Amino acid sequence: MATPAALRHLRRDPVLKAVIRRIGPCTLEPVVREPYQALVSAITHQQVHGRAAEAILGRFVALYPGHDFPPPALVLQTPVEAMRGCGLSGNKVAAIRDIAEKAVGGLVPSSEAAARLSDEALIERLVAIRGVGRWTVEMFLIFTLGRPDVLPVDDFGVREGWKVSAGLEAQPKPKELAEIGAAWAPWRSIAAWYLWRAADADKLRRLKPKAAKAPAGRARRESAA
């Protein structure tokens, strides 16, 4: 996704130019899968640590031997108690069942149908599903469909990345970041990726002093023993 043309365009912004130089090559690559699967996975991961979410998703998939991923029609035939037994909350079970119902009914498009729809058309269509908000669809657009021009201005990490990169005291409001990011079109997904990495790097930098103290503390405990 991060073509030389995209990087040349984004480097026109002095803040992003510094971020790109500091972070290095962009490794953003979409994960090819059906929209139905991507949405179910997104719901499973909501408010749950990544490894725990993958374990829950693995138990859910295991309910359907012989299938790489649970077909929506079979999900609708699955007792709620069986889905809850995988570790899914009641709200997530309801959301996943709604995704399955909308997939059977055609509201959740196939990959081929999704490719023919604009970003905004997909957002408008998919936020009608229980548990699926604009942010979830934006993540789907970037990480599943590989859409190059999505800027999730409500995302904490994106706004934090701009704050630390631009040397601001506070995060920009979503509307403000949207106005700033208008100049990054048509490569705003790449800009978002770099801002996520900038926020991660800043968090790691702030944690390092604490980590550096750990060996000394361990040495004191060992010497006391």
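Q: Is Leu145 buried, partly exposed or exposed?
A: This is a predicted model, where local features need pLDDT of at least 70, side-chain atom pairs count only at pLDDT 80 or more, and totals for chains, interfaces and linings use all residues. Residues are numbered from 1 along each chain as its sequence is written, and side-chain values use heavy atoms, leaving out hydrogens and water. Buried means under 20% relative accessible area and exposed over 50%, with partly exposed in between (1.4 Å probe, protein chains only). Leu145 has 22% relative accessibility, so Leu145 counts as partly exposed.

Q: Which residues does Leu145 touch, not counting residues up to four places away in sequence?
A: Leu145 sits in the loop between α10 (134-143) and α11. Helices (H or I, at least four residues) and strands (E, at least two) are DSSP runs, numbered from the N terminus. Contact means heavy atoms within 4.5 Å. With those up to four places away left out, Leu145 touches Ala114, Leu122 and Phe140.

Q: How do the axes of α11 and α12 lie: roughly parallel or roughly perpendicular?
A: Axes are lines fitted to C-alpha atoms, for helices over the stretch in contact, and angles run from 0 to 180 degrees between N-to-C directions. The axes of α11 (residues 156-166) and α12 (residues 174-181) come within 11 Å and cross at roughly 65°. Angles under 35 degrees count as roughly parallel, over 145 as roughly antiparallel, 65 to 115 as roughly perpendicular and the rest as oblique. That makes α11, relative to α12, roughly perpendicular.

Q: Which residues make the contact of α11 and α12?
A: From α11 come Val158, Arg159 and Trp162. From α12 come Pro174, Leu177 and Ile180.

Q: Does the span of α7 agree or disagree with 1.5 Å a residue, and what is the distance between its end C-alpha atoms?
A: The expected span is 1.5 Å times one less than the number of residues. Helix α7 (residues 90-105) has 16 residues, so it should span 22 Å.

Q: Which helices do the buried residues of α7 pack against?
A: The buried residues of α7 include Val93, Ile96 and Ile99, and also Lys92 and Asp98. The buried residues of α7 pack against α3 (35-45), α4 (50-62), α5 (72-77) and α6 (80-84).

Q: How many helices does the protein chain have?
A: Of its 225 residues, 39% count as buried. There are zero strands. The helices number 13.
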